[in-house]
Amino acid sequence: MQTYLPNSCKKIGFHEELLVLFWKMCDYNKKFLFYVLKTSDVLDILVPILYFLNESRNDPGKVGLMHVGVFILLLLSGERNFGVRLNKLYLTRVPMDLPIFTGNHADLLILVFHKIITYGHLRLQPLLAVVFRDNL
């Protein structure tokens with residue numbers, strides 16, 4: 001990331017803990033979940049989650065991060081407002097190894113999950129079985 005001031009943007013080292021905190025806050029406090037979903041802030045959370053999922057798909061040591069990210073997405077996808085917010089145009093550019101596209105956040109979500117399914121580590125198979133299980 002290039003900025004005018006050197007060292008003005010610092011990368012945090014506790015993103016996994018923040019994701020677990022966000023997941024638990026949404027799980028235990030439904031009013032907080034509905035607040036996040038009513039505003040477009042959910043997309044500001046979605047893009048970093050997708051970035052971490054995409055970056056850690058081949059690292060067997062980051063399976064826990066993958067689980068937390070997928071659990072957050074499963075929790076959010078249970079609400080209608082999340083699907084509505086996904087229709088917002090994706091204009092932010094995050095450095096991911098994805099093809100260049102123009103579309104909405106739902107397209108980004110599909111691209112990242114396609115990468116996870118096709119190029120993910122073998123230790124992700126139980127997680128994918130949970131996501132794609134047949135509920136009939």
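## Close-up views of a helical protein

**View 1. Arg 57 is buried, at a relative accessible area of 6%.** Buried means under 20% relative accessible area, exposed means over 50%, and partly exposed lies in between (1.4 Å probe, protein chains only). This is a predicted model, in which local features need pLDDT of at least 70 and side-chain atom pairs count only at pLDDT 80 or more, while totals for chains, interfaces and linings use all residues. Residues are numbered from 1 along each chain as its sequence is written, and side-chain values use heavy atoms, with hydrogens and water left out. Arg 57 sits in the loop between α3 and α4. Its side chain makes a polar contact, at 2.5 Å, with the side chain of Asn 54. A polar contact is a pair of N or O atoms within 3.5 Å; within protein, one must be able to donate a hydrogen and the other to accept it, and residues adjacent in sequence count only if both atoms are side-chain atoms.

View 2. Is Ser 56 buried or exposed? Ser 56 counts as buried, with 4% relative accessibility. Which residues does Ser 56 contact, leaving aside its neighbours within four places in sequence? They are Lys 62, Leu 65 and Met 66. Contact means heavy atoms within 4.5 Å.

**View 3. The whole protein has 7 helices and 0 strands.** Helices (H or I, at least four residues) and strands (E, at least two) are DSSP runs, numbered from the N terminus. Along the sequence, the pattern reads α-α-α-α-α-α-α. The protein has 136 residues, and 35% of them count as buried. Take the contacts between residues at least 6 apart in sequence: 60% of them join residues at least 24 apart.

**View 4. Helix α2 (residues 30–38) has buried residues and exposed ones.** Leu 33, Val 36 and Leu 37 are buried. They lie on the same side of α2, because they cover an arc of only 95° around the axis. That arc is taken from the directions that run from the helix axis to the C-beta atoms. An α-helix has 3.6 residues a turn, so residues three or four places apart point the same way. Look at the other side of α2: Lys 31, Tyr 35 and Lys 38 are exposed there. What covers the buried residues of α2? The cover includes α1, α3, α4 and α5 (80–85). Now look at the start of α2. A side-chain oxygen of Asn 29 reaches to within 3.2 Å of the backbone nitrogen of Lys 31.

**View 5. Cys 26 is a buried residue of helix α1 (residues 15–28).** Its relative accessible area is 0%. Not counting residues up to four places away in sequence, Cys 26 touches Phe 32, Leu 33 and Leu 75. Ile 72 is 46 residues from Cys 26 along the chain, and their C-alpha atoms are 8.5 Å apart.

**View 6. Leu 43 belongs to helix α3.** Leu 43 counts as buried, at 3% relative accessibility. Beyond its neighbours within four places in sequence, its contacts are Arg 85, Leu 86, Lys 88 and His 105. Arg 85 is 42 residues from Leu 43 along the chain, with 7.3 Å between the C-alpha atoms.

**View 7. The second largest pocket has a volume of about 160 Å³.** Of the 11 residues that line this pocket, the closest to its centre are Leu 43, Asp 44, Val 47, Thr 92 and His 105. On a 1 Å grid over the protein atoms alone, a pocket is an open set of points where a 1.4 Å probe fits, with protein on both sides within 12 Å along at least five of seven lines; lining residues have an atom within 4 Å of a point. Grid points are joined across faces, edges and corners, and the volume is the space filled by probe spheres set on the points. Which helix gives the most to the lining of the second largest pocket? That is α3, with 4 residues.

**View 8. Met 96 lies in the loop between α5 and α6 (105–119).** Met 96 counts as buried, with 14% relative accessibility. Leaving out residues up to four places away in sequence, Met 96 touches Leu 50, Tyr 51, Asn 54, Leu 108 and Val 112. Phe 52 is 44 residues from Met 96 along the chain, and 9.6 Å separates their C-alpha atoms.
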